[in-house]
Amino acid sequence: MVELPLIPDQRGNLTFVEGVNHVPFEIKRAYWIYDVPGGAHRGGHAYHQLEELVIALSGSFEVSVDDGVQRSSFTLNRGYVGLYIPATTWRTLTHFSTNAVCLCLASAPYDESDYIRSYPEFLELVAP
Ligand code: TYD
């Protein structure tokens with residue numbers, strides 16, 4: 001979990017993130033997931049190279065991560081806390097609240113060939 005700067009203000013809070021400074025990569029892409037229907041899940045894959053920081057900009061959701069040996073689960077529900085997910089980590093996002101907005105900051109542009117979408121293939125790669 002990465003705690004980001006929080007600038008409190010009577011007019012509202014402000015948080016920011018700088019590539020390399022707050023996350024161990026240069027930010028090359030941002031995408032966000034929203035309007036997730038109840039019970040739906042996202043993710044369910046890993047990446048060969050991509051690193052990400054995942055932040056709940058609004059609402060809450062759970063992120064389960066698996067490096068092939070260990071599994072952990074995190075609840076994200078604060079706009080100033082992100083979850084850093086290194087490469088070759090299987091991730092699944094579940095339990096989205098109503099109006100949840102999930103911001104993902106990524107270390108590279110979109111590249112389908114970087115995805116590992118088969119769990120057996122993932123296990124073969126990380127724990128041959
Ligand atoms: P995917 O990464 O599988 O979604 P998630 O992990 O959030 O469940 O992406 C879903 C679709 O969106 C897939 O067809 C690829 C496309 N996509 C892009 O075109 N660009 C992007 O930056 C991302 C993240 C996805």
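A word on ground rules before we start. This is a predicted model, where local features need pLDDT of at least 70 and side-chain atom pairs count only at pLDDT 80 or more, while totals for chains, interfaces and linings use all residues. Residues are numbered from 1 along each chain as its sequence is written, and side-chain values use heavy atoms, with hydrogens and water left out.

Let's begin with the sheets. Strands here are DSSP runs (E, at least two residues), numbered from the N terminus, and two of them pair if DSSP finds at least two bridges between them. At the strand 8 end, strand 7 (residues 61–66) pairs with strand 8 in the antiparallel sense over six bridges; look for phenylalanine 61, whose bridge partner in strand 8 is leucine 76. Strands 7 and 8 form a hairpin with four residues between them, and glycine 68 in the turn has a positive phi of about 100 degrees. Elsewhere in the sheet, strand 5 (residues 42–47) and strand 10 (residues 90–94) run antiparallel and are joined by three bridges, with arginine 42 standing opposite leucine 93 in strand 10.

Now for another open sheet of five strands, also with antiparallel pairing, in the order 1-9-6-11-4. Its edge strands are strand 1 (2–3) and strand 4, each pairing on one side only. Strand 6 pairs with strand 11 (residues 101–106) in the antiparallel sense over six bridges, and isoleucine 55 has leucine 103 as its bridge partner in strand 11.

Next, the largest pocket. A pocket is an open set of points on a 1 Å grid over the protein atoms alone, where a 1.4 Å probe fits and there is protein on both sides within 12 Å along at least five of seven lines; lining residues have an atom within 4 Å of a point. The largest one has a volume of about 240 Å³, taken as the space filled by probe spheres set on the points. Of its 16 lining residues, Tyr31, Ile33, Gly43, His45 and Tyr47 lie nearest the centre. Strand 4 (29–33), strand 5, strand 6 (52–58) and strand 10 each give two or more residues to this lining, and strand 5 gives the most, with four.

Finally, the ligand. Which residues surround the ligand? They are Arg29, Tyr31, Ile33, Arg42, Gly43, His45, Tyr110, Tyr115 and Arg117, where being near means having a heavy atom within 4 Å. A polar side-chain atom of arginine 29 lies 2.5 Å from a ligand oxygen, an N or O atom in the side chain of arginine 42 is 2.9 Å from one, and for arginine 117 the distance from a polar side-chain atom to a ligand oxygen is 3.1 Å. Taken alone, the ligand exposes 530 Å², and the protein buries 62% of that (accessible areas by the Shrake-Rupley method with a 1.4 Å probe). Strand 4 and strand 5 are the elements giving two or more residues to the shell around the ligand.

Note on methods: A polar contact is a pair of N or O atoms within 3.5 Å; within protein, one must be able to donate a hydrogen and the other to accept it, and residues adjacent in sequence count only if both atoms are side-chain atoms.
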